[in-house]
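Trainee: I've got the model open and I'd like to learn how to read it piece by piece. Where shall we begin?

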Amino acid sequence: MLHKALVMLAGLLVALFVVAQLKTVPHTNPPSKGDLAAPPQVEAILRNSCYDCHSNQTRWPWYSRVAPLSWLIVDHVEQGRKQINFSEWGDYFPRTRKRKLQWMQRALHDEVMPLWSYRLMHPGARLNDADRDTLDHWIDTELAGPLTGSSPQ
Amino acid sequence: MSRPKLSLLRPALGAAFILTLLPAAAPAQDSAEIRFENHQFKPLSLTVPTGQPLTIKVVNASNETIEFESFKLNREKAISPGESIEVRLPALSAGSYDFYDDFHQDVPEGSIVAK
């Protein structure tokens, strides 16, 4: 009896998994609106640890094509791009750029980025102390500068 | 039928008395409202008293999703069209705390002035 119930449950889960694959979500990488121009060392850290969720150059892993994980990952990237998008850096007003840098620095100090769920699948994305120092120093330098840009405000 | 001893009742009476005092001892919670419509926050400047907790209701009366954000207040929350949120703040020190819509950088920045 128990064996039969388990087989039915497993069958139901497999059926749900198959049906879930029918709901696909777009994996986009829109054209850049002005990439961030940062020193090579800074850019390398950002590309390695931040760009997958905070740029239009996401490296979509194979499991991002498998539902229901795909729904979560695509939504997560959309939210990440809304918060800060290094591929739209040139499109930000100077004051917006300043705010993004301030939030970045807070996240850096609080050690909340990259998210643990991302680090779980990308252990190499973890920021070490040297990475944090490099980014912190770069943010300080940027905030102290004029934060000029082509945008009017 | 025996009467309860007064010594046993005293702690309970004491606790009940303290409980009646608690609401009066808690600081008053001030509240205010900020509306987002026609692509701007209203009011753009909100004056609030210092030294007491504050709840701000942010109403998104527009048809676009916004994100109410303030770096100084360490708050950020997306609000769908027609929805509202409550932002609970601790007692603020005197000063100006700017807020803005992080999803639309052309929206004029507002400020909460505590004094």
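Mentor: Let's start with a strand pair: strand β4 (residues 54–60) of chain B runs antiparallel to β7(B), and the two are joined over 6 bridges. Two strands pair if DSSP finds at least two bridges between them. Helices (H or I, at least four residues) and strands (E, at least two) are DSSP runs, numbered from the N terminus. Within this pairing, I56(B) sits opposite V87(B) of β7(B).

Mentor: Some housekeeping too: this is a predicted model, where local features need pLDDT of at least 70, side-chain atom pairs count only at pLDDT 80 or more, and totals for chains, interfaces and linings use all residues. Residues are numbered from 1 along each chain as its sequence is written, while chains are lettered from A and ligands numbered from 1 in the order in which they are written.

Trainee: What is the strand order of the open sheet in chain B?

Mentor: Read across, the 4 strands go β2-β1-β4-β7, and the pairing is mixed. At the edges you'll find β2 (40–42) and β7 (84–89) of chain B, each pairing on one side only. From one strand to the next, the twist averages 25°.

Trainee: Now helices. At what angle do α5 and α7 of chain A pack?

Mentor: Axes are lines fitted to C-alpha atoms, for helices over the stretch in contact, and angles run from 0 to 180 degrees between N-to-C directions. Here, helix α5 (residues 94–110) of chain A packs against helix α7 (residues 129–144) of chain A at about 155°, with the axes 10 Å apart. That angle makes α5(A) roughly antiparallel to α7(A) (under 35 degrees is roughly parallel, over 145 roughly antiparallel, 65 to 115 roughly perpendicular, the rest oblique).

Trainee: And which residues of α5(A) and α7(A) make the contact?

Mentor: Contact means that C-beta atoms, placed from the backbone, lie within 7 Å. On the α5(A) side you have K98(A), L101(A), M104(A), Q105(A) and L108(A); α7(A) brings R132(A), L135(A), D136(A), I139(A), E142(A) and L143(A).

Trainee: How do I tell whether a residue is buried or exposed?

Mentor: Count the other C-beta atoms, placed from the backbone, within 10 Å of its own: 20 or more is buried, 12 or fewer exposed, in between partly exposed. Take V74(A), found in helix α4 (residues 69–83) of chain A. It counts as partly exposed because it has 19 C-beta neighbours inside 10 Å. Leaving out residues up to four places away in sequence, V74(A) touches V25(A) and H27(A). H27(A) is 47 residues from V74(A) in sequence, but their C-alpha atoms are 6.7 Å apart.

Methods: Two residues are in contact if their C-beta atoms, placed from the backbone, lie within 7 Å.
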